[in-house]
Amino acid sequence: MKLSKSVWQTYKEIPNEAEIPSHQLMLRAGLIHKLGSGLYTYMPLAYRTIRKIEQIVREELDKIEAQELLMTVVTPGELWQESGRWEKMGSLMLKFQDKADRDLCISPTNEEAITDVFRKSVKSYKQLPMTLYQINTKFRDEIRPRFGLMRAREFTMKDAYSFHMDKACLDQVYDDIYQAYVNSFERMGLKFSVVEADAGDMGSKESKTHEFQVTAETGEDIIIFSENGGYAANVEKAETIRKGISFNKDGGELKEVATPHMATIKDVCEYLKKDQHQSIKSLVYSIINGEDEEVVLLQILGDDELNELKLKNYLGAEEVAPTPEHKLAKMGLPKGFIGAVNLPLEMRVFFDKAVELDASYVTGAMKVDAHFENFCPKRDVKEFDVFDMRLAKKGDYTLDGAHIVDEKKGIEVGHIFQLGDKYTKSMNVTILDNNGKAQNPLMGCYGIGITRVMAAAIEQNHDESGIIWPKAIAPYHVYFALIGKSEEIKEEATKIYKSLQEAGIEVLFDDRKAGPGFKFKDSDLLGLPIRLVLGERDFKENGQLEIVTRKTNEKQFVDKSEVISKLKEILEKL
């Protein structure tokens, strides 16, 4: 493509709303155009990258005999009502009615639609397993769209769904798609981690669930991992243990001590000269299921944090949230001084697994400006349950106690999980098995955020000058800059440009009337793998062109006759 004929435009200033590198660079490099809040037009160069990402994913899924289809973006509300998710999806789903007052929505996901396709198309177990996928537009009405394509309202997604008669078959296809994802992201040239994750409301607790995380400093997700221990999980899912900390198991009688104006763990432990892990943090949470609400008391070590997802899953809650301070006051629970002794009302008490139940701790005394020393859970609390509710963190150990875990940030670009019979049962989908008996098929669900992958690739691959595209998904491979004004050099540049195209090299020809500094800055900003420069002075003196590798800034001069072979050699190594 010739830039003189393109709609491409770059910008010097960083837009005020752009908070992370990918958003800043995509706007500055003219890859996306903002239409509205969370709504972007993909300009020609960005769309080339999107199509490359799509094609890599498509090829890997086709290898495992997944079948591509294309579903509607607008979905009938009756399907969502049938599955029970019409209300559950809440404000994320954009709902409307047509002229006949029929409920419709713009699809945020397509489990209902694909299940409807399946039940009207497949009747025999002999047709299974079956995997169907699409690459299509999704819309989620984010309250606060931010970070450009990372949290846009409209985006492109590859979503796949598999159908099976039994768990063994589901596991096999799940593993095949897992490998297809690994192959896809490796082909894209991205550094990524596959981590254990939570299925949320989509799957069951027992289902396999993995996220594919592109590692980047600006990632929203935290990955807990041990390379030596072969463990990696999203922090929400991660299970680790504490090790190497000491507890006091020789405490005496429960003793109340004055702690005036000390409502934080840090202040109390400093005052009493205790390590924070020798105290108990008391958290009061509301457990919500529909219109029912229960208040519970959670007990964790003073220097730990609560993992709300673990709490939600353990109690099977629709929602969990800290009980507001005004409600605490009505229940006689003094914030900052709450403990499990002398509770003024009946409530369930839960201890985290990291708490040594026969050790002694500092805890709230249920009165303002007072705490207990020598609080022993096993002795001082009559009824309680124990489960893993703490948030894993750097410095913990793997469950076998053999390896220390670390943490890094990641950007979720893919998520695969097993749905079981959740949708086939709720939507009354059955298949006759080999005994002629009707069974609800099992399902798997597999997603890749196509446009999110593009943004994540930039988050992982950029410097102070601009983007550094991985070769496989770069809009073009070569940025060919003409530096000269004579008609003779312009003709020569056009000949070279055509020869590169004929040789199968993806080339962007910067034939604009601009100086070298302007062109080189645009070249670095756009970040194509190689810059080829035809400078009038150098070419007239020695017949050579300059080649610059964007990632390493390595420069070399080559004769015109060697340009194509040298470019192919460099590209082969990238």
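Residues are numbered from 1 along each chain as its sequence is written. In this predicted model, local features need pLDDT of at least 70 and side-chain atom pairs count only at pLDDT 80 or more, whereas totals for chains, interfaces and linings use all residues; side-chain values use heavy atoms, with hydrogens and water left out. Helices (H or I, at least four residues) and strands (E, at least two) are DSSP runs, numbered from the N terminus.

Helix 1 (21-28) is mostly covered, with eight of its eight residues buried (under 20% relative accessible area, where exposed is over 50% and partly exposed lies in between, with a 1.4 Å probe and protein chains only). These buried residues are P21, S22, H23, Q24, L25, M26, L27 and R28. They are packed against strand 1 (32-36), strand 2 (39-42), helix 11 (450-460), strand 25 (462-463), strand 26 and helix 13, contact being defined as heavy atoms within 4.5 Å. G30, which follows helix 1, has a positive phi, near 70°.

Helix 13 spans residues 516-526, and K519, D522, S523, L525 and L526 are buried in it. Viewed down the axis of helix 13, the buried residues fall within an arc of 165°, so they line one face of the helix; the arc is that of the directions from the helix axis to the C-beta atoms. The packing partners of these residues are helix 1, helix 2 (44-63), strand 26 (466-467), strand 27 (478-483), strand 28 (507-510) and strand 29 (530-535). Helix 13 is followed by G527, which has a positive phi, near 75°.

Helix 2 and helix 11 pack with their axes 9 Å apart and at an angle of about 115°; axes are lines fitted to C-alpha atoms, for helices over the stretch in contact, and angles run from 0 to 180 degrees between N-to-C directions. Helix 2 is therefore roughly perpendicular to helix 11 (65 to 115 degrees; under 35 counts as roughly parallel, over 145 as roughly antiparallel and the rest as oblique). Helix 2 contributes A46, T49, I50, I53, E54 and V57 to the contact, and helix 11 contributes I450, T451, V453 and M454. The crossing of these two helices is right-handed, meaning that the near helix is turned clockwise from the far one by less than a right angle.

Strands of a sheet pair through backbone hydrogen bonds, either parallel or antiparallel. Two strands are taken to pair if DSSP finds at least two bridges between them. Strand 13 is joined by four bridges to strand 19 (residues 370-375), antiparallel to it, and K255 stands opposite E373 in strand 19.

A further open sheet comprises five strands in the order 16-14-15-17-20, with mixed pairing. Strand 16 (319-322) and strand 20 (385-387) are the edge strands, each pairing on one side only. Four bridges link strand 14 (residues 280-289) to strand 16 in the antiparallel sense, with I288 opposite E319 in strand 16.

Strand 5 (residues 94-97) and strand 6 (residues 103-106) are antiparallel and share four bridges. K95 has C105 in strand 6 as its bridge partner. The two strands form a hairpin with five residues between them, and D101 in the turn has a positive phi of about 65°.
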